[in-house]
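Me: I am new to this structure. Please take me through one part of it closely, then show me what else deserves a look.

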Amino acid sequence: MQLFRREKYLEKVRGFYHDTGLIKVITGIRRCGKSCLMQSIAEELLAKGVPAQNIVYLNLDKRGFKSIKTAAQLEKLIVETCTAQGTKYLFIDEIQNVEGFEEVVNAFREEEDFSIFITGSNSYLLSGELATKLTGRYLEFEMYPLTFEEYIAMKQFKKLAVNPDTTAELDAYIAEGGFPKTLDYNDIADKRRYVQGVITEIFEKDIKRRVKVRTVSSFNTVQTYIINNFGVTTSLTNILEDLHKAGSDISRETLNRYIQVLLDAKILYKCSRFDLKSRKSISGEQKYYLADLGVYFATNTDNRINYGPVLENLVYIYARSKDYAVSVGRIGKLECDFIMRNRSSQYSYIQVAMTIMNSIETENREYKPLESIRDNYPKYVLTRNDMIQQRNGIVHANIGPFMKDGKEF
């Protein structure tokens, strides 16, 4: 079966294909495409002339490997399957199934003729075990569900119809979400049923097995609350108050732990606030964004699109997929939706709005925070489908075409 190549991620990993000193760890929410990325890397190595016997792919969730549960069994399996001479390229999928896998992969790394790639349950891989035992010996490559340009490219790859109206196609992407498998289903109800299954799988396989959730109903209440309030500035205190009003009393410690579980499982991402004057993070308040909007629509019966937080969520995940560090900005009493920093520590400032064409007050509300920033970094106002305007050197763009072209900030 031919694979859809996620080039933006292949490009990030490619420079480390032959590095035997670092373990390549691919993370991301379940079903976002991690296994297919590893298979694409293996295919690319084969095409570049690496002998097939030097490439070993072990999916520990598949029949034949599900019995591999201990470090000794994993070591024995690797010894038996990696018999070629020269550099071996070892891919291990669902490695969290093995207790104590860290010592095993590190031992083979130290032999200096293994280039190792692993994926696994994020609530386990990111719980501190990997970081503690393999500090400085691994690189994390974070994946996300399909961003808008990938969604269109994958539809074309599968020979599915793409709406020439980019705004209409963007709305379809919002409603369907970006989990790659959803493109195999025609009916929107089937797509959402699939995403519901992914959420259940995350809880049953990742969270429930690894984390003590004493009261499932309380955890579900927290999860539902956070999902329903994505993109809203909040704090633990505010969430506790809202849950109390709704009749759910949990402790601050438990709430904090449940939110961390959702973050570790990559269902959620936390976007902290940043003060532009002091150049310091502001503690307490933050926003939470979803790994994919399909998570929201699959868990709600309301199909209406609230474009404010929805478009923010799209921009946030798009930026993260391009390796930007993202914060919510404060400039005095004004707030900037996003401050982004690339790997070269260059900043950009973004305002996101459904439209700025309603009134001059609406336009001013979006432009004034950017106009109050006195440095020369790029500034953007991103809207859904407005006539493009020019004002004080600030770039105005519509989100659909901007993302479709894969533009940088």
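Which residues of the largest nonpolar core touch the most other members?

Reply: The answer is Ile41, Val315, Phe338 and Phe409, in a core of 94 residues. This is a predicted model. Helix H14, residues 307–321, gives the core its largest share, 9 residues.

Take Ile41. Leaving aside residues up to four places away in sequence, Ile41 touches Leu10, Val13, Tyr17, Ile26, Phe91 and Phe117.

Next, a charged residue. Arg6 sits in the segment before helix H1, which spans 7–14. Its relative accessibility is 6%, under the 20% cut-off, so Arg6 counts as buried. The side chain of Arg6 has polar atoms close to two backbone oxygens. One oxygen belongs to Cys32, at 2.9 Å from a polar atom of that side chain. The other belongs to Tyr144, at 2.7 Å. Residues up to four places away in sequence are again left out of the contact list. Arg6 then touches Cys32, Gly33, Leu37, Met143, Tyr144, Pro145, Leu146, Glu150 and Pro180.

Now a pair of helices. H10 covers residues 216–228, and H11 covers residues 236–245. They pack at an angle of about 115°. Their axes are 11 Å apart. The crossing of H10 and H11 is right-handed. From H10, the contact uses Thr221, Val222, Tyr225 and Ile226. From H11, Asn238, Ile239, Asp242 and Leu243 take part. By class, this contact has 5 nonpolar, 2 polar and 1 charged residues.

Most residues other than glycine have a negative phi. Glu112 has a positive phi, near 65°, and is not a glycine. Glu112 is in the loop between helix H4 (101–110) and strand S4 (114–119). Its relative accessibility is 61%, over the 50% cut-off, so Glu112 counts as exposed.

Asn392 also has a positive phi, of about 50°, without being a glycine. The loop that holds Asn392 runs between strand S11 (379–383) and strand S12 (395–398). Asn392 counts as exposed because its relative accessibility is 63%, over 50%.

Technical notes:
Residues are numbered from 1 along each chain as its sequence is written. This is a predicted model: local features need pLDDT of at least 70, side-chain atom pairs count only at pLDDT 80 or more; totals for chains, interfaces and linings use all residues. Side-chain values use heavy atoms; hydrogens and water are left out. Axes are lines fitted to C-alpha atoms, for helices over the stretch in contact, and angles run from 0 to 180 degrees between N-to-C directions. Helices (H or I, at least four residues) and strands (E, at least two) are DSSP runs, numbered from the N terminus. A crossing is left-handed if the near helix is turned anticlockwise from the far one by less than a right angle, and right-handed if clockwise. Contact means heavy atoms within 4.5 Å. Ala, Val, Leu, Ile, Met, Phe, Trp, Tyr, Cys and Pro count as nonpolar, Asp, Glu, Lys and Arg as charged, and the others, Gly among them, as polar. Buried means under 20% relative accessible area, exposed over 50%, partly exposed in between (1.4 Å probe, protein chains only). A polar contact is a pair of N or O atoms within 3.5 Å; within protein, one must be able to donate a hydrogen and the other to accept it, and residues adjacent in sequence count only if both atoms are side-chain atoms. A nonpolar core is a set of buried Ala, Val, Leu, Ile, Met, Phe, Trp, Tyr and Cys residues joined through side-chain atoms within 4.5 Å.
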